[in-house]
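Subject: Structure handover

Hello,

My notes on it follow.

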Amino acid sequence: LKMFAKNKYKSQQDESLMQLLKKGNTQAFDELYNRYSNRLLHYFYRMLGNNEEKAQDFLQDLFLKVVEKPEMFNTKRRLSTWLFSVASNMCKNEYRRLKVRQNGSIYVGDFNVTEKDIVLPKIEQQIDSRHFKKLVLGELSNMSEVKRSVFLLRYQEQFSIKEISDILNCSEGTIKSRLFYTTNALAEKLQAYNPSVL
C-alpha cells in the first residue's frame, strides 16, 4: 500500500503536487523535494563560490519558503521556472549582502556547451571536450554573477530563452544579448588556446 502511495505521487504533475502541498500534504512535498533538490543544490553550489555548506543552507531556506508559503507559487507558471527564479533571487540578495563578488575559482559543474556554441575560429577537433569544458569553466568563473547565471541556466539546466527570461525577470532580448556577449567573451578568451594560432 505504501508503494502504491509513492507511485501515485510520482505520476503527478508538479503543479498538482503544489495544490496538494497547499492543503498540507507532506508526501507531495517529499516528491517535489526528490525531484528538484539535487538540481537546485548544484545551482546554489556553483553560484555561491563552491561553498557546500552555504549551498545546503540556501536549499533548506528555499524549501522552507515553499512549505510555509506555497500560495506564492503562480500556477500559470512552470514549477521548475518558479523554483529557479526564487533560487536566482536568493543568490542576488547574497551578492548584494556581501557587496563583493567572489573572485576565486567557482565550480560551475558539467554542462552541455560545445565548441560549436562558443564558435572558436578553426578550432581543431583534437581538443578534448573535457579539457575544453575546463577552460570554459575557468573563464566563466571570472565573469559577473549575471553572465554566469544566464550561461548556467541555458547550458547546465537546459532552460529555454523564454524560461530564463521568466526566471531572471527580464526580456528575452536581454537574455539573448547576455548569452551572445558571454559566449563571444568566452570565444575571445579561449582564442589563445586555439592550436591553429600557436
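Helices here are DSSP runs of H or I with at least four residues, strands are E runs of at least two, and both are numbered from the N terminus. This is a predicted model, in which local features need pLDDT of at least 70 and side-chain atom pairs count only at pLDDT 80 or more, while totals for chains, interfaces and linings use all residues. Residues are numbered from 1 along each chain as its sequence is written, and side-chain values use heavy atoms, with hydrogens and water left out.

Six of the eight residues of helix 9 are buried, so helix 9 is largely enclosed by the rest of the structure. Buried means under 20% relative accessible area, exposed means over 50%, and partly exposed is in between, with a 1.4 Å probe and protein chains only. The buried residues of helix 9 are Ile 161, Glu 163, Ile 164, Ser 165, Ile 167 and Leu 168. Their cover includes helix 5, helix 8 and helix 10 (172-190).

**Overall**

The protein chain has 10 helices and zero strands, which reads along the sequence as α-α-α-α-α-α-α-α-α-α. Of its 198 residues, 43% are buried. The protein chain exposes about 11500 Å², and carbon and sulfur atoms supply 49% of that area; accessible areas come from the Shrake-Rupley method with a 1.4 Å probe, and for residues only the protein chains shown count as cover. Among contacts between residues at least 6 apart in sequence, 67% join residues at least 24 apart, a contact being heavy atoms within 4.5 Å.

**Helix packing**

The axes of helix 3 and helix 8 come within 11 Å and cross at roughly 150°. Axes are lines fitted to C-alpha atoms, for helices over the stretch in contact, and angles run from 0 to 180 degrees between N-to-C directions. That makes helix 3 roughly antiparallel to helix 8 (under 35 degrees counts as roughly parallel, over 145 as roughly antiparallel, 65 to 115 as roughly perpendicular and the rest as oblique). The crossing of helix 3 and helix 8 is right-handed, where right-handed means that the near helix is turned clockwise from the far one by less than a right angle, and left-handed means anticlockwise. On the helix 3 side the contact is made by Tyr 43, Arg 46 and Met 47, and on the helix 8 side by Glu 145, Arg 148, Ser 149, Leu 152 and Leu 153.

Helix 5 also packs on helix 8, at an angle of about 160° and with the axes 12 Å apart. Helix 5 is therefore roughly antiparallel to helix 8, and this crossing is right-handed. Phe 84, Ser 88, Lys 92 and Tyr 95 of helix 5 meet Glu 145, Arg 148, Ser 149 and Leu 153 of helix 8.

Ser 88 is buried, with a relative accessible area of 0%. Leaving aside residues up to four places away in sequence, Ser 88 touches Tyr 43, Ser 149, Ile 167 and Leu 168. The C-alpha atoms of Ser 88 and Ser 149 are separated by 7.8 Å, although the two residues are 61 apart along the chain.

Helix 3 and helix 4 have axes that come within 9 Å and cross at roughly 145°, in a right-handed crossing. Residues making this contact include Phe 29, Leu 32 and Phe 44 of helix 3 and Phe 58, Leu 59 and Phe 63 of helix 4.

**Aromatic pairs**

The structure holds 10 aromatic pairs. Rings of Phe, Tyr and Trp (its six-membered ring) pair if their centres lie within 6.5 Å, and planes under 30 degrees apart count as stacked, over 60 as edge-to-face and the rest as tilted. The rings of Phe 29 and Phe 63 are edge-to-face, because their planes stand at 85°, with centres 5.8 Å apart. Phe 29 lies in helix 3 (residues 26-47) and Phe 63 in helix 4 (residues 52-68), so the pair ties together parts that are 34 residues apart in sequence. Both Phe 29 and Phe 63 are buried.

The rings of Phe 84 and Phe 159 have centres 5.1 Å apart and planes at 70°, so this pair is edge-to-face. It links distant parts of the chain, 75 residues apart: Phe 84 is in helix 5 (residues 79-98), and Phe 159 is in the loop between helix 8 (145-155) and helix 9 (161-168). Phe 84 counts as buried at 0% relative accessibility, and Phe 159 counts as buried at 3%. Ring pairs link Tyr 43, Phe 44, Phe 58, Phe 84 and Phe 159 into a cluster.

Regards
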